[in-house]
Every structure is written in C-alpha cells, then in structure tokens.
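Here's a quick briefing to read with the model open in your viewer.

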Protein chains: 2
Amino acid sequence: MAAPIHFWFDFSSPYSYLVNEWIDALAARHARTVERHAVLLGVTFQVAELKSPVSHPLKREYSMRDFARSARFEGLPIRMPQTFPLPTQNAARVFWWQHDTVSPQAAADWARAAFRAVFTRGVLINEPAALKALAAESGLDADAAEAVWNDPRWKARLKSECDAAVAGGMFGAPWIVVDGEPFWGNDRKVQIERWLSQGPF
Amino acid sequence: MAAPIHFWFDFSSPYSYLVNEWIDALAARHARTVERHAVLLGVTFQVAELKSPVSHPLKREYSMRDFARSARFEGLPIRMPQTFPLPTQNAARVFWWQHDTVSPQAAADWARAAFRAVFTRGVLINEPAALKALAAESGLDADAAEAVWNDPRWKARLKSECDAAVAGGMFGAPWIVVDGEPFWGNDRKVQIERWLSQGPF
C-alpha cells in the first residue's frame, strides 16, 4: 500500500476542521490511509514569525467571513467559538494519549469530536470542565483524560510532534503531506486530489 | 449588464499573475467585465501589519514552491525574477496613465505585458531601463512613460487607488470583488465561479 497521507493540524484551526471532514474520503478514493498529527500553531507561528490571521487589521474581518463562507461552500455547518483562537494543548495531549495507548482510529474519533465541538457547538475546549465533559461524551474516562493533559509524559509527546512539524516546514494549518510534498490550507484540495490521482505535476 | 468584477493586484504578486491570465475568460463566461486596479501591496501590508510571505522563515520556502506548483497546475509558465518581491510603483503609474488617457483595455494590455515580463522572463520592472524597454516593446512611448512615473499627478493617482484598496479591506493580492463580496487569493477561483453562476452562498 502506498504511504499514508499526513495531516497536521491545530484544534483551533477552522480550515483544519474543514479538511478533517474531507480527508478520509479522499484517502479512500486513492487507496491511502491518513496519519493525523495534532500540534500547536503557536509553536509554528513563533518559528515562522507569524501570528494568527485574526490578529491582523483587515485580515481579521476577511478571515472571519471566509471561514464561514468556505464552510457553506462545502455544505458543512460552522459556528465560531466565542474565544478564538483558543489554546488547544490539552485536547492535543488527549489526542496523542488515544493514539499511542488505544489506536490511531481512536485518536481520529477524538479529533472529529473535538473539531465538531469547537466549530459547530462553540465548545471552549481550552476550559478544563468543558474538555472533561467532551471527553466523557466521547466515551473516554474524563478523569484519566485530565490526568493525561497534566502529565509530563504527554506534554513531552506533544512537544516532540511540534518539533517534527517545524522540522517538516509547517508554519500554518492544515498542513498536508503527500509522498513528501507539502500542501498548506483548505484551498489546496484540488491540487492534492490531482497529485494523488496523476502523480507529481 | 451586471456590475464589473473588480480585480486588485500588485505587479509583484505571482498569484495575481495567475489570476490575470484567467479572469477575462471568467468574466466572459458570466457576461461580466473586469475592472483592474494596480495598487501597491507595501501599502496594504503596512496597514494590516503584514509582510510578504517570503519574508517569513518556513513560509518562504513553501511559498516559492507553491508559486511554481500552482502555475504548473494551471498549465502556465512561471519563472521567478531574481529580485523578489520587487518595487512596482512605476509600472503601476504607467497602468493608470494608460487607463485614464487611453482606455481600460490599454491598461489591461499593459498589465498582461508587465505580469508576463516579470513572471515568465524575469524582467526587473523596478529598474527604469528595463521598464522603459518593456514600454517600448509594448507599443508605448517609452520617454512619455518615464515622465509619467516621475509625475506627481500619476503618483497621486496611484496613491488614491491604494487608499481605496485599504478602504475596501484589501490586505493581500489578488483581491477580487464580485457584487461587493471580497475574495482573496488565486485559490478562491472555484468559489468565485460558483458565486457568479449561482449567486451568494
């Protein structure tokens, strides 16, 4: 089987939410699998000397408009959380805990639950109580999840993935890598689809 | 006839070059016209507290790769100029001179010539000698063109367009406005096409 499609994201990225809803069907169409990587945009932004698009005058207004329009274009619901962007390190540690101790599929299930919670219900996953409730709702042990996000082991696990993201050139999300070729953004879907079906162009 | 499609750009923007090669056919498909606006990204970047994508670590490498890949994806030639980004105020003043004293079509012809010179032949249009040569090659009076770009009247004309760009929310290029709806980037073509054919979504 061909190499997996690598999908790097931050749970606070609305364009990553849109890609998360699409990428499994993409992979199936091309007999590939998806390897998800939850990381922190704060880390990649710092290395790249960037800030969130909504931290910039003019770009903020456009981005908020484009998040919603891009979701509507794809027929997906979207509702921006009241805090945006929001810190996601705890949700990301839960992702890696599920990934390493249960399975990549369990981590993917958590990713979908977390993205949908943030971007369709406005759940503030930076708040411990809200994140515990989401964990319980998703069939996880909420107390264990809380212990995980305070555990140096899972902090280190997330940090090593963030280091790998930077080493791979990631500066924004979603960051999708197909056979070594990087694609940034929800708006590279058509290029990715052609790359997978016809090879490098 | 429906309102024109407004296309705002800087001659130093490779994604604007790609849109420039596409937008007239788009307009024809939807019984629209195109109104081009040559402006300066330096002005919009300053207001939006942004820098060129190639000024950022990590993003620079990706952007250079993506410029070329996006051109190949569309079957268009591309060759990046040795100086990039490059100052384009003189070329933009020539654009407005042609626009106001000859016709919007003459300005569009100049825009195509300038974009192709920069991005397929690596012509450094920031250098007066090169820009004069390009003007002559394009059928313009090269000495008159040089007088134009040193003339306060045409400096003021360009400045007022830059002010209008910022007032309209523009922070990057290409910036395309359809019936008041702004679209940023070469990667919003599919959304623009749907907006034109089916109306707002």
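Two residues are in contact here if their C-beta atoms, placed from the backbone, lie within 7 Å. On that basis, take the contacts in chain A between residues at least 6 apart in sequence: 69% of them join residues at least 24 apart. Keep in mind that this is a predicted model, where local features need pLDDT of at least 70, side-chain atom pairs count only at pLDDT 80 or more, and totals for chains, interfaces and linings use all residues. As for labels, residues are numbered from 1 along each chain as its sequence is written, while chains are lettered from A and ligands numbered from 1 in the order in which they are written.

**Overall fold of chain A**

- Chain A has 10 helices and 4 strands; helices (H or I, at least four residues) and strands (E, at least two) are DSSP runs, numbered from the N terminus.
- Going along the sequence, the pattern is β-α-α-β-α-α-α-α-α-α-α-β-β-α.
- The radius of gyration, taken over C-alpha atoms, is 16 Å for chain A, which agrees with the value near 17 Å that a compact globule of 201 residues would have; the globule rule is 2.2 Å times the number of residues to the power 0.38.

- The 4 strands of chain A form an open sheet in the order 2-1-3-4, with mixed pairing; two strands pair if DSSP finds at least two bridges between them.
- Strand 2 (34–38) and strand 4 (181–184) of chain A stand at the edges with a single partner strand each, so one side of each has no neighbour in the sheet.
- Neighbouring strands of this sheet are turned by 20° against each other on average, direction ignored.
- Strand 3 (residues 175–178) of chain A runs antiparallel to strand 4 of chain A, and 4 bridges join them; Val177(A) has Pro182(A) as its bridge partner in strand 4.
- Helix 10 (residues 189–198) of chain A lies across strand 3 and strand 4 of chain A, at about 15° to strand 3. Axes are lines fitted to C-alpha atoms, for helices over the stretch in contact, and angles run from 0 to 180 degrees between N-to-C directions.

**How the two chains meet**

- Chain B superposes on chain A by a rotation of 180° with 0.0 Å of shift along the axis (RMSD 0.0 Å), which is the relation of a two-fold axis.
- In chain B, Asp187(B) has the C-alpha nearest the axis, 2.9 Å from it.
- The contact takes 21 residues from chain B and 21 residues from chain A.
- Helix 4 of chain B gives the most to the side of chain B that touches chain A, with 6 residues.

- Val47(B) lies in helix 3 (residues 41–48) of chain B, and counts as partly exposed because it has 17 C-beta neighbours inside 10 Å.
- Leaving aside neighbours within four places in sequence, Val47(B) is in contact with Pro57(A), Leu58(A) and Val166(B).

Notes: Copies are superposed by least squares on the C-alpha atoms of residues with pLDDT of at least 70 in both. A residue is buried if 20 or more other C-beta atoms lie within 10 Å of its own, exposed if 12 or fewer, and partly exposed in between; C-beta atoms are placed from the backbone.
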